[in-house]
Amino acid sequence: MSDQPDVLVVGAGFAGMYAVHRFRELGLTVKVLEAGSDVGGTWYWNRYPGARCDVPSLEYSYSFSPELEQEWDWPEVFSAQEDILRYADYVADKFDLRRDMQFNTRIAKVEWQDDARRWRLTSEAGETFEAPFCVMATGCLSVPVEPKIPGAERFRGEVYHTGRWPHEAVDLEGKRVGIIGTGSSGVQAIPELARQAAHLTVFQRTPVYTVPANRKRMRAAVQQEFRDSYRQIREMQQKNPGGVSNFRPRKSVRRGDSVPADVTRPSDISMPSEAGVPNRLLDLTPEQRAQVMERFGLGALLAFRDVYTNAEANEVANALYRDTVRRMIRDPETAEHLLPKTYGLGCKRQVLDRDYYDTFNRDNVTLVDLGETPIETITESGIRTSRTHHDLDVLIYATGFDAMTGALLRANIRGRGGRSLNDQWRDGPVTYLGLQMSEFPNLFTVTGPGSPSVLCNMLVAIEQHLNWIGDCIHYLREHGLATIEPSPESEQQWIAHVNEVAEGTMYTAPSCNSWYLGANIPGKPRIFMPYVGGYPRYRERCEHEAGAGYPGFRVESA
Ligand code: N01
């Protein structure tokens with residue numbers, strides 16, 4: 001590992017891992033600093049029961065090595081956390097990535113040295129690292145949030161957060177478990193926890209829209225067809241707004257398989273349209289809509305494009321969703337509490353589940369609607385709501401993350417003249433292309449706010465960003481340039497464009513409160529952070545910048 005690397009990278013998730021490989025290819029020396037004890041990022045930390053990916057694994061995989069594509073076997077269509085982490089481990093071994101990584105090193109300060117024109121990073125333990133370039137590969141959902149609930153510190157039982165689940169096995173047998181939160185993490189964990197615990201109490205503040213996930217094992221024939229078609233699939237990913245190819249195996253191969261759901265771009269799910277049903281919900285009669293729901297279930301609603309763009313279609317879809325859920329839950333009162341009524345489909349990231357609603361038909365599961373009976377306090381032995389006390393041995397927070405900006409703002413980043421990123425982003429994140437900020441030369445963010453990031457297949461977004469960053473550093477070196485940063489004008493224009501394309505979508509509807517908007521963090525500015533204009537359009541813009549010699553950026557000579 002180089003002590004004087006060209007590039008320091010913070011984070012050894014999928015982005016930090018690829019950074020090592022790519023930068024080495026370009027002849028750069030690199031050092032990765034990672035808080036955890038190994039590679040994997042999201043998949044290293046989120047080990048809660050039921051954790052799995054919501055993008056098909058054959059798509060949620062690196063494209064940079066055809067050899068890797070051919071030799072890795074995915075056991076399921078949508079992989080579980082442990083299989084994705086095994087993949088990360090395999091990649092790290094195969095490309096000898098750990099050689100350039102230092103683990104158990106949490107970075108506490110990231111400071112630009114004006115005179116030396118270098119970044120100095122300081123770990124929590126006080127160790128310092130310097131390099132001319134710094135890449136923050138710190139992830140979009142890496143800072144877990146534990147809400148400030150009165151009395152929380154008094155609880156005497158075991159406490160876990162889904163985003164920081166222990167590496168050791170957690171034994172829930174015979175225990176009374178409570179879980180707060182019903183977003184993607186809660187919805188994935190709840191059915192598994194109910195199977196393991198003596199009793200599970202679900203504390204729900206806002207009901208969720210969730211549709212059943214594809215739970216097929218990977219068939220050898222399907223995997224082989226993907227392997228045979230990988231170059232075409234990667235090209236298709238580059239042209240798709242959500243970075244997924246939606247490649248379908250040949251009909252003969254596919255027989256018996258359900259269609260993998262593309263949740264990064266729900267409107268691509270083609271179940272009804274494959275069956276010859278129009279892809280506008282409003283074009284169907286009420287009888288036809290009922291037939292579609294009967295035949296395809298809740299997931300069918302994600303296939304209609306107008307659900308995401310037309311308020312009337314959205315309302316129709318929400319009502320169909322609620323009617324279908326009512327039929328899935330035995331106790332009508334519980335069903336009513338589980339129905340989302342205050343916001344529409346498509347406002348939040350689509351959640352996929354396995355047996356979520358059926359879990360509430362179990363005798364050992366209780367739903368507590370916090371909208372009706374709010375938490376008053378956490379006690380030594382459980383949670384007291386306005387109605388009663390719930391005795392608990394274990395309390396699990398599935399309360400989400402300080403998304404997209406959390407990890408960057410916690411890193412105490414200071415640019416030219418000691419300017420703090422936290423000050424610069426007081427009214428919300430401002431970047432150019434989600435890659436760089438003015439006054440922070442040679443600092444790059446991977447899948448930062450203002451880039452497609454969480455609205456794109458993360459692996460596609462990560463590779464594109466790191467290829468761009470690598471090429472940019474290479475360009476600077478080739479042209480005798482020392483620094484690069486965007487001009488404030490490019491940032492302002494870009495952010496205006498990011499806001500403009502988000503306007504009028506369900507993501508920014510006034511009734512919508514999502515982590516995309518920062519709405520889950522008290523006091524966080526309400527700004528729609530990812531770029532919704534589609535990955536291909538975004539990529540072309542990045543390519544244009546590089547091809548034209550970085551006109552939206554300012555450079556300084558070496
Ligand atoms: O977090 P969330 P998440 N009292 O913010 C509740 C990715 N992911 O970890 O809606 C009571 O979505 C909160 O309630 P409300 C994916 O991108 C992917 O579940 O704010 N409740 C909500 O129910 C996802 O979108 C997968 O009213 C409180 C929940 O906690 C993102 O991560 C799996 C509360 C938080 O939901 C985040 O998902 C898991 C309080 N004080 C995660 N504070 C895949 O499938 C919060 N809540 C790949």
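Colleague: Is T162 buried or exposed?
Modeller: Start with the cut-offs: buried means under 20% relative accessible area, exposed means over 50%, and partly exposed is in between, using a 1.4 Å probe and protein chains only. T162 comes out at 1% relative accessibility, so this residue counts as buried.

Colleague: Before I go on, what kind of model is this, and what is left out of the side-chain values?
Modeller: It's a predicted model, where local features need pLDDT of at least 70, side-chain atom pairs count only at pLDDT 80 or more, and totals for chains, interfaces and linings use all residues. Residues are numbered from 1 along each chain as its sequence is written, and side-chain values use heavy atoms, leaving out hydrogens and water.

Colleague: Back to T162, then: which residues does it touch, not counting residues up to four places away in sequence?
Modeller: T162 sits in the loop between β8 (158–161) and β9 (176–180). Helices (H or I, at least four residues) and strands (E, at least two) are DSSP runs, numbered from the N terminus. A contact means heavy atoms within 4.5 Å. With those near neighbours set aside, T162 touches W45, N46, R47, Y48, S185, I396, Y397 and A398.

Colleague: And T128, which residues does that one touch, with the residues up to four places away left out?
Modeller: T128 belongs to strand β6 (residues 128–131). At 47% relative accessibility, it counts as partly exposed. Leaving out residues up to four places away in sequence, T128 touches R120, L121 and T122.

Colleague: What is the phi of M404?
Modeller: M404 is in the loop between β17 (394–397) and α14 (406–410). Its relative accessible area is 3%, so M404 is buried. Its phi is positive in a residue other than glycine, near 70°.

Colleague: What about E439, what is its phi?
Modeller: You'll find E439 in the loop between α15 (421–424) and β19 (443–445). With a relative accessible area of 23%, E439 is partly exposed. Here too phi is positive in a residue other than glycine, near 75°.

Colleague: How far apart in space are D228 and L58, C-alpha to C-alpha?
Modeller: D228 lies in helix α6 (residues 220–228), and at 58% relative accessibility it counts as exposed. Along the sequence, D228 and L58 are 170 residues apart, but C-alpha to C-alpha the separation is 12 Å.

Colleague: Zooming out, what radius of gyration does the protein have?
Modeller: The C-alpha atoms fill a box of roughly 70 × 55 × 45 Å along the principal axes. The radius of gyration is taken over C-alpha atoms, and the globule rule is 2.2 Å times the number of residues to the power 0.38. For 558 residues a compact globule would come out near 24 Å, which agrees with the protein's 24 Å.

Colleague: What share of the residues count as buried?
Modeller: The protein has 18 helices and 21 strands. Among contacts with a separation of 6 or more, 71% are between residues 24 or more positions apart. Of the 558 residues, the share that count as buried is 60%.

Colleague: Last one: over which residues is the pLDDT below 50?
Modeller: pLDDT is the predictor's confidence in each residue, from 0 to 100. The protein averages 94, and 95% of the residues score at least 70. One stretch has pLDDT below 50, with 54 contacts in the model beyond near neighbours in sequence: residues 256–270.
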